[in-house]
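Have the structure open while you read.

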Amino acid sequence: MFAGFDVVAQSIGQLAEPITLALLVGGIVLGLIIGVLPGLGPPIAIALALPFTFHLEPIAAIILLLGIYSAAIYGGSISAIAVGIPGTGAAIATVQDGNKMFKAGKGGEALGLSLTGSIIGGLFSVICLAFIAPILATVAIKFGPREFLAISVFGLVVVVRVAGESLSKGLLVGALGIFLTTWGLDELNGTERYTFGSYHLYEGIPLVPFLVGVFAVSEVLIGAERALQKLDFDQTSLTVKLPGWGKLMKMKDILFRSSALGTVIGIIPGEGAAVAAFFAYSEAKRRSKTPEKFGTGHEEGIVAPETANNATVGGALVPTLTLGVPGSPAAAVLLGAFLIHGLAPGPKLFAERPDMMYAIFIGLFVINILMMVIGLMAIRFAAKLIQVPTTFIVPTVLLLSFVGIFSVSHSFFNVGVLLGAGILGYVVRKLGYSIAPLSIGFVLGPILENSLRQSLVIADGSIGEFFNTPIGLGIYAALALTIFGGPLAGWAKQKMFPRAEDA
Amino acid sequence: MITQRAANIAFNILVIVAAVFFALEAETFQTSGLLASTGLPSKFFPQLMLAFIGLCSIIVIGAYLFRGYAGTDKGASVFEDGGAARRGLLVLVVAVACYLVWSLWSFIPMLILIGPACALAMGVRSPWMYVSLLVMSGIVYLVFTQLLNVQLT
């Protein structure tokens, strides 16, 4: 589904406009800054920048947000390495070896490895995105309600499974997110549902204020609790030392495997960068000849998770762009940005706005290249931001969230939704629930309801007809494999090699 | 400090009460005209979700009642200590108060209030922090009103 060189040339032309280039660089710097600050991850970074994109052209706006997305994931590793506190969930796996290397006076090497791994993972996933997304879009254009239902169920179940320690808690907040999307006029027959006589609720609970509230405001409230803690670290070890060609060649297997793992995990709806990082870390450790070195300041323990977590960016965009199903919480907020600009991600977007798609592919490629340059120059300064007191960050993020949401809609109701969602997010997080199923459920809710109701009508009471969809069955089979594959493989391995497992 | 066990049981009882309320509210949905007879009724999906939420809540309550924990929060409390609880909840109160000030009066009083009030809620003593926060508020105001042409009233 190649749209032609003229479209590619048009996309390059749009990207080469000075304002777009400036936003691209600005996005990387902003993402790096927000990623470094502990607690503020990519979804919050994108959410805070959303209001600023309202007045921009769609391509410029999306490029800015993609720059923030990619750089925020990488930025999390800087605080993970320097102070042992991951700036983002995606950098948790980097803490063990990264911080040990930093403390051993090899901070520059650790930062260089994380930067190089991030760039390689990011570039790998962009190439995969550019090849997979158009093919998937041609398949997805044939999708009907039953296929979309299968994808929504897949995304939800997977995110619930990985989101927290308790399955029932994950399912509860996931269902809560879906339920909240039923408010407003019924899309299929116009019935008023839970509007309580307010015209504000006719279009339901607005997506962007809800997501910004759940991510940013809840984080502000949690941040306020630990506001008086001070962070300090040795700043002499902050000069980045990039790994040489020989070292990269030695690690080529880990780089390739982690990139592939990150991309694949990113593609699975709901799975995020943190899952990819952990998976790549444990896989690198499992295959290593010296697994005992992991956790003691081992270079491979930085490269594997950092390569994988940035590889999820391109992967997560595959279902987001082709199906309208977000691959991660950050992609869910990005989906909101598309909607603000009047674009509905899905297979039709490829046919309607091929210039936008190619601008995204090329833009992401450029972002990863520039991240290397900006990273080299800015790490030293970015790392110092770790010392910005939380007492300053809390009111700043709160004010930006308020003003940002108001500036998009000029509606106090939306600011109220932001606050309400923030309080809901805070309460559920304090009680040990994950907000990932809540946000993904809120994004997937309308797709799930409409496709379920349409599928039931198509099936006309017949179970056989309900599942009479080869693509849908394939997706359900993949879901079953995701849930039962691990335990079954473990069981089979134990049966076949009982002694090895005991050892 | 309030334990995860007690807080989760109370929260899930509230969730069940809310689910019953919304399920009953769904019974009042009215579809007019020809569309009323097409497809599944509008109440079907919300009630399905509410039933599922209720079921999950019962399972969570059961886990806390009989096992004492759900996941890995055995013996854990909701807040780290009294200070953390006070800071978190006071900032929440400040956020709500700022929203009310903005909607009842205007933007400027909220803008002046939000930084220092949050700092006060978090127990900040340094006067420089209060000054920095007021400067930050001013910068945010200028960026939105002058650069982005947003009318903040």
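**Chain A as a whole**

Please keep in mind that this is a predicted model. The secondary structure of chain A consists of 21 helices and two strands. What does its overall size tell us? A compact globule of 503 residues would have a radius of gyration near 23 Å, and chain A, at 22 Å, agrees with that. Along its principal axes, the C-alpha trace spans about 65 × 60 × 55 Å. Of the 503 residues in chain A, 61% are buried. Among contacts in chain A with a separation of 6 or more, 79% join residues 24 or more positions apart.

**A closer look at helix 10**

Helix 10 of chain A covers residues 252–267, 16 residues in total. From first C-alpha to last it reaches 23 Å, close to the 22 Å expected at 1.5 Å a residue. Its buried residues include Ile254(A), Leu255(A), Leu261(A) and Ile265(A), along with Ser258(A), Ser259(A) and Thr263(A). Which elements cover them? Helix 5, helix 11 and helix 12 of chain A are among those that do.

| Element of chain A | Residues |
|---|---|
| Helix 5 | 92–140 |
| Helix 11 | 273–287 |
| Helix 12 | 300–323 |

**The nonpolar core**

The largest nonpolar core has 210 residues, and Ile46(A) and Leu65(A) have the most contacts inside it. This core also draws at least three residues from each of domain 1 (4–67) and domain 2 (82–147) of chain B. Leaving aside residues up to four places away in sequence, Leu65(A) touches Ile46(A) itself, as well as Gly27(A), Ala49(A), Thr53(A), Leu334(A) and Ala337(A).

**Where the chains meet**

How many residues of each chain are in contact with the other? The contact involves 52 residues of chain A and 58 residues of chain B. On the chain A side, the elements giving two or more residues are helix 7 (167–180), helix 8 (207–225), helix 16 (390–409), helix 17 (412–430) and helix 18 (435–459). Helix 16 of chain A provides the largest share, ten residues. By type, the residues on this side of chain A are 30 nonpolar, 13 polar and nine charged.

As for chain B, the domain assignment gives domain 1 (4–67) and domain 2 (82–147). The C-alpha centres of these domains of chain B lie 37 Å apart.

Conventions: Residues numbered from 1 in each chain as written. Chains lettered and ligands numbered in written order. Predicted model: local features only at pLDDT ≥ 70, side-chain atom pairs only at ≥ 80, totals over all residues. Contact = placed C-beta atoms within 7 Å. Helix = DSSP H or I, 4+ residues; strand = E, 2+ residues; numbered from the N terminus. Nonpolar A, V, L, I, M, F, W, Y, C, P; charged D, E, K, R; others polar. Expected span 1.5 Å × (residues − 1). Buried ≥ 20, exposed ≤ 12 C-beta atoms within 10 Å, placed from the backbone. Domains from an automatic or database assignment. Rg over C-alpha atoms; globule rule 2.2 N^0.38 Å. Core = buried A, V, L, I, M, F, W, Y, C linked by C-beta atoms within 7 Å.
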